[in-house]
Amino acid sequence: MATQKIRKMTALDQAQFAYDTGRFYQTVARQIGDFLHDNIKELSDRQLSILSDDQTRLISYSNTFFSLTEDITFDGAAPYFRSVTNATKQITDAIDHIQKVSDIISISAGVIGVAAGILSQNGPLIASSLAAVLTTIMPDK
Amino acid sequence: MSKTISQILLAGFVLISLCSCTDLKEINAFALTGQQAMEKGKGISYGFEKYSVDSSYVFHPFPDQLKDVDCTCTQQKKLDVLNKKEYQILSDYFGALALFTDPKSSIDITPVGDAVQSGTYAGITISDDESSITATLSGFLTDAVTTGYKSKKLKQIIKLYHDSVVTLIAFMKLRSDALVGEIENMQEILRTNTDKLLRTADKNETKWSLLFTYELQKKEWDGKLAMYKDFDSDFDKITAGGNLIYQNMNNLKSKDFKKKLNTIIRNLIYNGDTKN
């Protein structure tokens, strides 16, 4: 694989990436909140519990990224971060159109995995969690 | 003095400044308006400490005792103090810029003197880069107060805008935006918890109490968010104005430059008016 020279992120770049990621997690959390809000009477207790717990976790990750931490980057992080950035709009657009509770649960679990990967500086975890999310939103690809 | 009177006085002062005969009157007016905006930012009362007090209740909605939701908030208080210090440094910078462009400007500057210390306060990071910028600006401002506001230093202070002020504003804006994000997240948790409780509440009086509490709290936070979004807009206009001055550093008498800067100044004043 060709080595790509990437400009070192400044402290401001890192803070901006952390902030943008916090916004992405907030958007997903809010979309899950909208789903809960719209379907609160139809959801089973178990579904409600899973979704609201997932939403709490997503918001917790969002707040962690809003800390604008500098410790977010690691060697070789750039391609993983790029793949996350590139997928964010696709994911949030897809959640708006998903009706099946199981798909929403599956996407939120994958997105939580991506956050865990970023914060534990685990590139393969970021990639595999993102792939799982993309498979759910684009099952034919 | 009420905010409205203060705003009218500022607008009048800026207009007088715009009508005066000095070549640098637009930059002087921009500096005065920028300083006023920073003073307003410094005066924001709902900061990290108050957010933390509120969030401790929202994120732990079912405590066994009140102690579980107590917030000593020492770190958050410190962060609010550091934030105000950065606003003060920028207020001093714009005050100095006003004095460099018109030494008769009625501004009294007392530089904070030292840097904002880097570190993580209540989960929010102030980087070494940001701390270093505040040290540079504080040093320059202390020197300016000591040696006087000589016009030959004007280019130096404009260059300082490009090298330091823009980046400091970017850091402050990100932190302000991050607090907005955290307040919005708190609102989201409140919404979900209220919806979950409404689902299981069987008495109308309980439902009404939940609904009323939710609406009351939501309105209060909506007001705080609107205030922060206004300041966000100030940051953008000040950044644009400062960049315009920097780009025209060797062409400060150009009509086109003056026209563009006057538009930014008017928008800043208008935004200040709408906040009152």
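**View 1. A salt bridge joins B:Arg191 to A:Asp34.** In this predicted model, the side chain of B:Arg191 meets the side chain of A:Asp34 at a distance of 2.7 Å, taken from N to O. This pair belongs to a boundary at which the count between chain A and chain B is 4 salt bridges. Between chain A and chain B there are also 16 residue pairs in polar contact, with both residues of each pair at pLDDT 80 or more.

**View 2. Helices of chain A contribute to the side that touches chain B.** Both α1 (11–39) and α2 (45–65) of chain A supply at least two residues each to this side, and the largest share, 13 residues, comes from α1(A). Sorted by class, the side of chain A that touches chain B has 12 nonpolar, 12 polar and 6 charged residues.

**View 3. Chain A and chain B bury area between them.** Here 30 residues of chain A are in contact with 27 residues of chain B, and the two chains bury about 2,400 Å² between them, of which 55% lies on carbon and sulfur atoms.

**View 4. Chain A is built with 5 helices and 0 strands.** Followed along the sequence, chain A shows the pattern α-α-α-α-α, and its C-alpha atoms fill a box of roughly 50 × 35 × 20 Å along the principal axes. Because a compact globule with 141 residues would have a radius of gyration near 14 Å, the 16 Å of chain A agrees with that expectation. Buried residues make up 47% of the 141 residues in chain A, and, of the contacts in chain A with a separation of 6 or more, 75% come from residues 24 or more positions apart.

Conventions: Residues are numbered from 1 along each chain as its sequence is written. Chains are lettered from A and ligands numbered from 1 in the order in which they are written. This is a predicted model: local features need pLDDT of at least 70, side-chain atom pairs count only at pLDDT 80 or more; totals for chains, interfaces and linings use all residues. Side-chain values use heavy atoms; hydrogens and water are left out. Contact means heavy atoms within 4.5 Å. Buried area is the accessible area (1.4 Å probe) that two parts lose on being put together, summed over both. A polar contact is a pair of N or O atoms within 3.5 Å; within protein, one must be able to donate a hydrogen and the other to accept it, and residues adjacent in sequence count only if both atoms are side-chain atoms. Helices (H or I, at least four residues) and strands (E, at least two) are DSSP runs, numbered from the N terminus. Ala, Val, Leu, Ile, Met, Phe, Trp, Tyr, Cys and Pro count as nonpolar, Asp, Glu, Lys and Arg as charged, and the others, Gly among them, as polar. The radius of gyration is taken over C-alpha atoms; the globule rule is 2.2 Å times the number of residues to the power 0.38. Buried means under 20% relative accessible area, exposed over 50%, partly exposed in between (1.4 Å probe, protein chains only).
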